[in-house]
Amino acid sequence: MKPTHYLAVDLGASSGRVFLGTLEGDVMHMEALHRFETPLLERDGHLYWDAEALVREVEQGLRRGLDAAPDLRSVAVDSWAVDYVPLDRDGQPLRRPYAYRDRRTDGLMQDAFRTMPAAELFAHTGIQFLPFNTLYQVLADRRDTPDLHRRTACHLTIADYLNHRLGGRPVIEVSMASTTQLMDVHTRTWSEAVFRAFGLDPGAWPSIVPSGTPTGHVTAAPHVAVLAACSHDTACAVAAVPAGEGPGWAYISCGTWSLLGVERQVPLLGEAARTAGFTNEAGLDGTIRFLKNLTGLWALQECAREWGTVDWEALEREARAAAPPAFLIDLEDPRFLPRGGMEARLAGYLREHGQPVPGTRAGWTRLILESIAAGYRRTLDDLERLTGQPIDTIHLVGGGARNHLLCALTAHACGRTVVAGREEATALGNLLIQARTLGDLPPGLTLRDVARRSSDLHVFHPTEQTV
């Protein structure tokens, strides 16, 4: 079969990447064409994403893709969830999109529960309660900028906005729509009950489309299709988990955030799931990603930003040699959510608990990684209890997969075999969904079959010496 080419634009909260995918037989080869920092702006006490800078970076990646593969078949963008661009009736942005770590939504989630109790909201949407969910951001718009809110004719989430700017029609792909806390988990349409309760206009939200929907063609290259693969980055990563058939495995997609869960056919909407902080997000092919959002490498990334230049490989080696901490930090404490001053906040937490403060970068790194692994263990215990499904293997993908110390600590803490997959699992899933949508996967092979053949896997056993 002749090799075929696709372009994945994978946007994370800290960095963006553009990959050229080449499907050759039953293997998807990947080449990074463009990397850039995700442009975050601080203006007047608020945090924004520079959407126009993102557009320019995506367009540069597209040009490089066309130079490398003039016969490029398609392009799709995936990104983090919940944030959005408000557009006017002419399709023009009314403002920059706020970043989810902006503090404008503080307190709004609790206020919202007076309109619709948490249990009822969870029954409609199945979504975990996070203070920056799209619902609360929209309520903040209505409170703070009522004129802009009235003039908003269309809300587009970040990946779907960029697909639209490339040439696709304005839609929101279902995996992304599910994270807004505005979608009905049963019907996969906008929730009439939620919109009615909060007095929101459903006409200001575009159609929800299934994963893998063609939405148009690139304006600058009409032979290239624009696809809504899975617009939510975690959905792409889970689609590329190199697991076999059947239950018994969980996934961790680890980057700035960690998403730990299982794939199911039906949502879990009971009180136990709600109070444990789990969420039911839409996945590929009608599946449910039953998972919990946890802090991933955020605390370490923020410390590294404060430290300046960091050699990550050397830091991992030094952390491996550092003494294991006697006390671990609960990284889900809300104090660690904001940007800035991370090391000071971590130190404050330790002092509050009468614990010593690490004196080296290696000590901080070891403490953070062990704390992440302990959080995985607690969540895995809850996951098994809620689903009644024993887990024997954890597939860890994303940026955390290249940190073998984290993988080994996770295997040890959880008492499970950890299979570290591709760091670029999100982009791989994006590319494979494109290939399948266009009918290019070899007959008889599933998307995960090709994912396994396209991944260099590393296995960590809980009984092995970790350090």
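## Salt bridges in a predicted model

D111 has a relative accessibility of 34% and counts as partly exposed. The model is predicted.

Visitor: Is R114 buried or exposed?
Guide: A residue counts as exposed when its relative accessible area is over 50%. For R114 the relative accessibility is 67%. R114 is therefore exposed.

Visitor: How many residues apart in sequence are E52 and R165?
Guide: The side chains of E52 and R165 meet in a salt bridge, 3.0 Å from N to O. E52 lies in helix α1 (residues 51-68) and R165 in helix α6 (residues 158-166), so the pair ties together separate parts of the sequence. The separation is 113 residues.

Visitor: Where does the salt-bridge partner of R453 lie?
Guide: The side chain of R453 meets that of D26 in a salt bridge, 2.9 Å from N to O. R453 belongs to helix α17 (residues 447-453), and the two residues are 427 apart. D26 lies in the loop between β2 (15-24) and β3 (27-37).

Visitor: What is the relative accessible area of R453?
Guide: D26, its partner, is partly exposed at 30% relative accessibility. R453 is also partly exposed, and its relative accessible area is 40%.

Visitor: How many salt bridges does a search of the whole structure find?
Guide: The pairs above are among them: R453 with D26, E52 with R165, and R114 with D111. The search of the whole structure finds 27.

Terms used:
Residues are numbered from 1 along each chain as its sequence is written. This is a predicted model: local features need pLDDT of at least 70, side-chain atom pairs count only at pLDDT 80 or more; totals for chains, interfaces and linings use all residues. Side-chain values use heavy atoms; hydrogens and water are left out. A salt bridge is a side-chain nitrogen of Lys or Arg within 4 Å of a carboxyl oxygen of Asp or Glu. Helices (H or I, at least four residues) and strands (E, at least two) are DSSP runs, numbered from the N terminus. Buried means under 20% relative accessible area, exposed over 50%, partly exposed in between (1.4 Å probe, protein chains only).
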